[in-house]
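Good morning, everyone, and please have the sequence and the 3D view ready while I talk.

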Amino acid sequence: MRFILNIIWLVFCGFWMAVGYLVAGVICCVFIITIPFGLASFRIANYALWPFGRTVVDRRDAGAASLLGNLIWVIVAGIWLAIGHLVTGALLCVTIIGIPMGVANFKMIPVSLMPLGKEIVPLP
């Protein structure tokens with residue numbers, strides 16, 4: 001079932017959301033100081049392509065630098081990516097088949113707002 005949901009997700013919204021994260025990551029990697037933001041954005045782009053069967057957990061070694069970086073990320077790119085997830089999730093929830101994918105979009109909003117200090121792990 002995860003495979004089928006991931007394929008449907010990829011076609012309807014995963015590709016476009018991943019492109020948004022990739023653009024944000026490339027822009028962040030242009031400037032040397034924002035490379036950690038770019039790497040986090042690339043990680044989330046991978047997650048946005050194939051989210052079912054994986055989850056986001058907090059890293060234990062994340063500290064104050066992650067919090068500060070997340071605040072900067074929210075201002076620069078996080079709010080726009082979160083709005084993309086919100087709009088896409090609402091549109092997907094209009095149909096019955098799209099409800100699981102809409103809920104997955106809503107679950108990605110916190111990580112799109114604060115990607116630093118998070119880790120994407122497979123579900124058991």
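This is a predicted model: local features need pLDDT of at least 70, side-chain atom pairs count only at pLDDT 80 or more; totals for chains, interfaces and linings use all residues.

Which element gives the largest share of the lining of the largest pocket? The answer is α4, which contributes seven residues to that lining. Residues are numbered from 1 along each chain as its sequence is written, and side-chain values use heavy atoms, with hydrogens and water left out.

Let me stay with the pocket for a moment. Rolling a probe the size of a water molecule over the atoms shows where empty space is left. Here a pocket means an open set of points on a 1 Å grid over the protein atoms alone, where a 1.4 Å probe fits, with protein on both sides within 12 Å along at least five of seven lines, and lining residues have an atom within 4 Å of a point. The largest pocket holds about 270 Å³ of space, where a volume is the space filled by probe spheres set on the points, which are joined across faces, edges and corners. Its lining is made of 15 residues, and Y47, R54, T55, V56 and K107 are the ones nearest the centre. At least two lining residues come from each of β1 (54–58) and α4 (99–113); helices (H or I, at least four residues) and strands (E, at least two) are DSSP runs, numbered from the N terminus. Sorted by class, the lining has eleven nonpolar, one polar and three charged residues, where Ala, Val, Leu, Ile, Met, Phe, Trp, Tyr, Cys and Pro count as nonpolar, Asp, Glu, Lys and Arg as charged, and the others, Gly among them, as polar.

Next comes the surface. A nonpolar patch, with about 1100 Å² of accessible area together, includes M1, F3, I4, L49 and W50, and seven of the patch residues, the largest share, come from helix α1 (residues 2–30). Patches are made of residues with over 30% relative accessible area and no salt bridge, nonpolar side chains (Val, Leu, Ile, Met, Phe, Trp, Tyr) being joined within 5 Å, and the areas come from the Shrake-Rupley method with a 1.4 Å probe, with only the protein chains shown counting as cover for residues.

Now the charged pairs. Side chains of opposite charge can pair when their charged atoms come close. A salt bridge is a side-chain nitrogen of Lys or Arg within 4 Å of a carboxyl oxygen of Asp or Glu, and by this rule the count comes to two. In one of them, D58 and K118 meet at 2.5 Å, N to O. D58 lies in strand β1 and K118 in strand β2 (residues 118–122), so this pair ties together parts that are 60 residues apart in sequence. D58 is exposed at 55% relative accessible area, whereas K118 is partly exposed at 22%; buried means under 20%, exposed over 50%, and partly exposed in between (1.4 Å probe, protein chains only). The side chains of D61 and R59 also form a salt bridge, at 2.9 Å, N to O.

Finally, where does L67 sit? L67 is found in helix α3, and its C-alpha atom is 7.9 Å from that of G117, 50 residues apart along the chain. I79 lies in helix α3 too, with its C-alpha atom 6.2 Å from that of L113.

How values were computed:
Patches are made of residues with over 30% relative accessible area and no salt bridge: like charges are joined within 9 Å, nonpolar side chains (Val, Leu, Ile, Met, Phe, Trp, Tyr) within 5 Å.
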